[in-house]
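Work each one with the coordinates open, then compare with the solution.

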Amino acid sequence: MLKKILFILLSLNLLRIIPGCCECDEAARPFSFNQTDIVNLDNTGPWPEYTDSDTMRPAAVAFSISLFDSTGYFYAQAPDIVTPGFSQAKAFAKCDCAFPFMANQHLTQISIESLYALSPDIPAGEVSGLFVAKPTSNAASGNLYIPLNDLCNQTIGKVYYDSGIESFDLYLKTEVQHPEARFVFTFTFSDSLILRDTTRLITIAAR
Amino acid sequence: MKKDRHFPYFLLMLLMMLCQARSTAQQTGFRERFTFDLLFGSRSFQRESLPEGRDLDFLNFLETGTGWDASQYLDLGFSLKTTEQWTFSTDLKLMSDFRPGHLGISAQYKHRKTPGRFVVGVRADFNVCKLTINQFNQFHVRNDSGFYADLNTNYRQVDLTDMSLGISPFIEMNPRRFHLKLSPGAGVNLFLPFRETIVQKETGSNLKREIRYNTHAGPALFVAADLTVRYDLVQSENLSLGLMLQAVQLFSRRALPYTRSIDSWTYENTVHKNISPEKTWFSRRDLSLGVYIGL
């Protein structure tokens with residue numbers, strides 16, 4: 001008799017595994033870029049690192065940029081599945097679904113303006129052509145940098161699997177000969193939205 | 001990848017030849033003979049390291065990079081004599097770490113009417129030999145000052161596949177229990193191409209560059225000689241068991257040419273250059289001793 005009861009209980013528990021897989025909704029969640037964030041990068045070593053310092057080497061001026069939705073579409077929690085009287089066998093209490101996101105607009109242009117002269121030959125003003133970019137998402141490929149136009153093109157129809165954040169690094173190709181540097185980044189989107197942000201005042205360290 | 005593509009064709013070809021030979025054997029009443037060799041041996045090869053120039057020479061970093069290397073192996077040989085004339089053999093050498101280091105396939109034809117006590121014939125061989133190129137990035141570490149010479153901090157090891165196709169006449173003597181076979185030959189060997197990438201970054205700067213190497217086969221002629229001595233300890237119609245010694249020597253003048261592509265900052269302005277390092281002598285010798293059993 002005991003064996004029969006144990007067998008029935010075991011069978012019921014095994015049945016719980018069948019609906020135990022999470023069924024994540026694969027539909028992309030829409031979001032809109034409306035905020036920017038700029039972090040200084042220390043790129044003197046082999047790999048760039050975030051830094052709180054406002055001092056950079058003349059040939060290693062670099063910034064990390066994030067574009068995102070201020071309402072915070074970083075992560076979407078799956079709705080609980082109600083199964084009264086019959087709990088599912090799952091590794092986690094709730095389904096850990098990483099929802100894909102798709103922005104309502106894409107980048108069309110990145111323009112960069114220097115508030116100080118970079119060298120005697122490069123006065124203050126438009127310096128977009130002196131910057132290159134490196135996407136920092138998991139999907140980014142290649143070891144080198146890409147032109148700013150290519151970065152903009154990559155955001156067309158892009159699905160964000162990690163979170164609703166467009167993140168990339170911007171690197172200045174030329175050596176800054178002025179003791180200070182500061183840049184204004186202007187991001188233009190396909191819906192004519194323009195986001196503008198300014199870096200902190202960067203002190204250029206001696207070589 | 002190419003190696004994987006070619007190998008099934010060789011197996012298929014060998015199978016077809018075996019099937020054809022078997023049917024001939026059945027018609028003539030000849031009994032097939034199967035021989036299994038188990039040998040322990042030592043392989044050494046020499047390729048003099050050339051002075052370091054402006055361009056990387058991958059063969060300077062062969063194995064230990066000293067120009068001379070030796071390793072031990074366990075040799076498993078299988079041969080099937082399908083008719084009086086035809087014998088097909090495979091030979092697998094497992095290196096000291098039990099990694100397959102050499103695979104050989106051969107087809108041998110004995111001439112029917114040979115005067116005197118000698119037997120002559122011809123043999124065709126196909127061999128695949130594994131070598132490794134180690135820490136070739138040290139070329140950049142030594143030469144690219146001002147840069148993090150290789151952002152890949154892993155041990156840089158490349159499997160180099162050396163393939164050869166050769167033909168060799170042979171002469172065989174069978175005095176009493178001894179069986180001596182000498183086969184001097186020649187052929188073509190080549191390296192299977194591979195790709196490697198070095199990513200560099202200038203110290204204290206944003207400048208990054210990528211160097212890509214796409215190697216070419218670098219075909220070269222070789223001459224080789226193979227001496228096999230067998231001594232039957234047990235000799236009967238259905239069984240032969242004995243000791244065997246095998247020595248193989250190969251000479252070739254070889255280089256590993258490649259195309260080098262360099263990109264700086266972005267992938268927009270690639271600079272390509274075909275580079276052919278100087279050819280120099282490459283030699284390989286195997287010496288092994290073991291037992292065989294023929295059924």
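Rings of Phe, Tyr and Trp, the last by its six-membered ring, count as a pair if their centres lie within 6.5 Å. The model used here is predicted.

**Exercise 1. Determine which phenylalanines of chain A are linked into a cluster by ring pairs.**

Step 1. Over all chains, the structure contains 24 aromatic pairs.
Step 2. Turn to the nonpolar cores. The largest one has 35 residues, and Phe63(A), Phe183(A) and Phe187(A) have the most contacts inside it.
Step 3. Elements of chain A that give two or more residues to this core include strand S5 (62–68), helix H2 (148–154) and strand S13 (183–189). The greatest contribution, 4 residues, is that of S13(A).

**Exercise 2. Classify the ring pair of Trp86(B) and Phe88(B), and state how accessible each residue is.**

Step 1. The ring centres are 5.7 Å apart and the planes meet at 5°.
Step 2. Planes under 30 degrees apart count as stacked, so the pair of Trp86(B) and Phe88(B) is stacked.
Step 3. Buried means under 20% relative accessible area, and exposed means over 50%. Trp86(B) has 33% relative accessibility and therefore counts as partly exposed.
Step 4. Phe88(B) has a relative accessible area of 5%, so Phe88(B) is buried.

**Exercise 3. Trace the strand partners of S9(B) and describe the hairpin.**

Step 1. Strand S9 of chain B covers residues 195–202 and runs antiparallel to strand S6 (residues 147–148) of chain B, with 2 bridges joining them. In one of the bridges, Tyr148(B) has Lys201(B) as its partner.
Step 2. S9(B) also pairs with strand S10 (residues 208–215) of chain B, again antiparallel, through 7 bridges. Here Ile198(B) is opposite Ile211(B).
Step 3. The hairpin of S9(B) and S10(B) has 5 residues between its strands, and Gly204(B) has a positive phi near 65°.

**Exercise 4. Identify what lines the second largest pocket.**

Step 1. The pocket holds about 320 Å³ of space.
Step 2. Its lining has 25 residues; Pro46(A), Trp47(A), Pro48(A), Lys134(A) and Lys208(B) lie nearest the centre.
Step 3. Strands S3 (49–50), S9 (131–135) and S11 (165–172) of chain A, together with S9 of chain B, each give two or more residues to the lining. S9(B) gives the most, 4 residues.
Step 4. By type, the lining comprises 11 nonpolar, 7 polar and 7 charged residues.

**Exercise 5. Describe the cavities of 30 Å³ or more.**

Step 1. The search of the whole structure finds 2 of them.
Step 2. The largest cavity has about 50 Å³ of space. Among the residues lining it are Phe45(B), Arg47(B), Trp68(B) and Asp69(B), and strands S1 (33–47) and S2 (68–81) of chain B each give two or more residues to the lining.
Step 3. That lining divides into 4 nonpolar, 5 polar and 2 charged residues.
Step 4. The second largest cavity has about 30 Å³ of space. Its lining includes Cys129(B), Asp162(B), Arg254(B) and Arg284(B). Strand S7 (157–173) of chain B supplies the largest share, 3 residues.
Step 5. The lining of the second largest cavity has 3 nonpolar, 2 polar and 3 charged residues.

Methods. Residues are numbered from 1 along each chain as its sequence is written. Chains are lettered from A and ligands numbered from 1 in the order in which they are written. This is a predicted model: local features need pLDDT of at least 70, side-chain atom pairs count only at pLDDT 80 or more; totals for chains, interfaces and linings use all residues. Side-chain values use heavy atoms; hydrogens and water are left out. Two strands pair if DSSP finds at least two bridges between them. On a 1 Å grid over the protein atoms alone, a cavity is a set of points where a 1.4 Å probe fits but cannot get out, and a pocket is an open set with protein on both sides within 12 Å along at least five of seven lines; lining residues have an atom within 4 Å of a point. Grid points are joined across faces, edges and corners, and a volume is the space filled by probe spheres set on the points. Ala, Val, Leu, Ile, Met, Phe, Trp, Tyr, Cys and Pro count as nonpolar, Asp, Glu, Lys and Arg as charged, and the others, Gly among them, as polar. A nonpolar core is a set of buried Ala, Val, Leu, Ile, Met, Phe, Trp, Tyr and Cys residues joined through side-chain atoms within 4.5 Å. Buried means under 20% relative accessible area, exposed over 50%, partly exposed in between (1.4 Å probe, protein chains only). Rings of Phe, Tyr and Trp (its six-membered ring) pair if their centres lie within 6.5 Å; planes under 30 degrees apart count as stacked, over 60 as edge-to-face and the rest as tilted.
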